[in-house]
Amino acid sequence: MSNNEQNQVMEMDGEERYDYFLSQVAEDREVWILVNNDSRFLKIASDDGDVEYLPVWPTAAFASEYASGGEELTPRSISLPDFFRKWVPGLTKDGLDVGVFPGLDKTVWITEPAELKQDLQDVMSEF
């Protein structure tokens with residue numbers, strides 16, 4: 001993907017990025033997260049502390065772009081079967097939502113893990 005294409009996607013609003021995420025992940029069958037040097041995944045809390053979520057991206061490039069200029073974070077892929085089998089139940093148990101494709105403007109589509117799984121399965125059934 002060219003820088004121009006990547007910039008166009010990053011300029012989308014949260015709902016458009018969510019739809020882009022669904023189609024890209026359904027095609028590539030992987031979700032991207034950021035981890036630190038201790039292999040701990042990035043978790044973000046809202047300013048008021050009411051919501052904690054795992055941010056996810058459709059590609060390593062978008063995750064890297066988000067992490068640039070901050071602490072040492074590295075993109076790591078999670079296969080979609082692993083995400084469905086391990087991460088969705090674990091996030092649900094821990095009370096963590098999923099922040100789908102945070103933008104550079106810090107806007108993000110926050111959803112429950114099971115809802116994201118269902119949306120991804122719905123998109124994949126169209127292939």
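This is a predicted model: local features need pLDDT of at least 70, side-chain atom pairs count only at pLDDT 80 or more; totals for chains, interfaces and linings use all residues.
## Overall layout

Helices and strands here are DSSP runs, with helices of at least four residues and strands of at least two, numbered from the N terminus. Walk along the sequence and the order reads α-α-β-β-β-α-β-α-β-β-α. The radius of gyration is 14 Å, close to the 14 Å that the globule rule gives for 127 residues, so the protein is as compact as a globular protein of that length.

As for dimensions, the C-alpha atoms fill a box of roughly 35 × 30 × 25 Å along the principal axes. Buried residues account for 39% of the 127. If you take the contacts with a separation of 6 or more, 70% of them link residues 24 or more positions apart.

## How H2 meets H5

Now for a pair of helices. H2 covers residues 14-28 and H5 covers residues 113-125; they pack at an angle of about 60°, and their axes sit 9 Å apart. The crossing of the two helices is right-handed.

On the H2 side, the residues in the contact are Tyr18, Phe21, Leu22, Ser23, Val25 and Ala26. They meet Leu116, Asp119, Leu120, Val123 and Met124 from H5. Sorted by class, that gives nine nonpolar residues, one polar and one charged. Ser23 is the polar one and Asp119 the charged one.

Most residues other than glycine have a negative phi.

Arg29 is not a glycine, yet its phi is positive, at about 65°. You'll find Arg29 in the loop between H2 and strand E1 (30-35). Its relative accessibility is 38%, so Arg29 counts as partly exposed, a class that runs between the 20% and 50% cut-offs.

Phe101 also has a positive phi, about 55°, without being a glycine. Its place is the loop between strand E5 (97-100) and strand E6 (109-111). Is Phe101 buried or exposed? With 0% relative accessibility, Phe101 counts as buried, because anything under 20% falls in that class.

Note on methods
Residues are numbered from 1 along each chain as its sequence is written. Side-chain values use heavy atoms; hydrogens and water are left out. Axes are lines fitted to C-alpha atoms, for helices over the stretch in contact, and angles run from 0 to 180 degrees between N-to-C directions. A crossing is left-handed if the near helix is turned anticlockwise from the far one by less than a right angle, and right-handed if clockwise. Contact means heavy atoms within 4.5 Å. The radius of gyration is taken over C-alpha atoms; the globule rule is 2.2 Å times the number of residues to the power 0.38. Buried means under 20% relative accessible area, exposed over 50%, partly exposed in between (1.4 Å probe, protein chains only).
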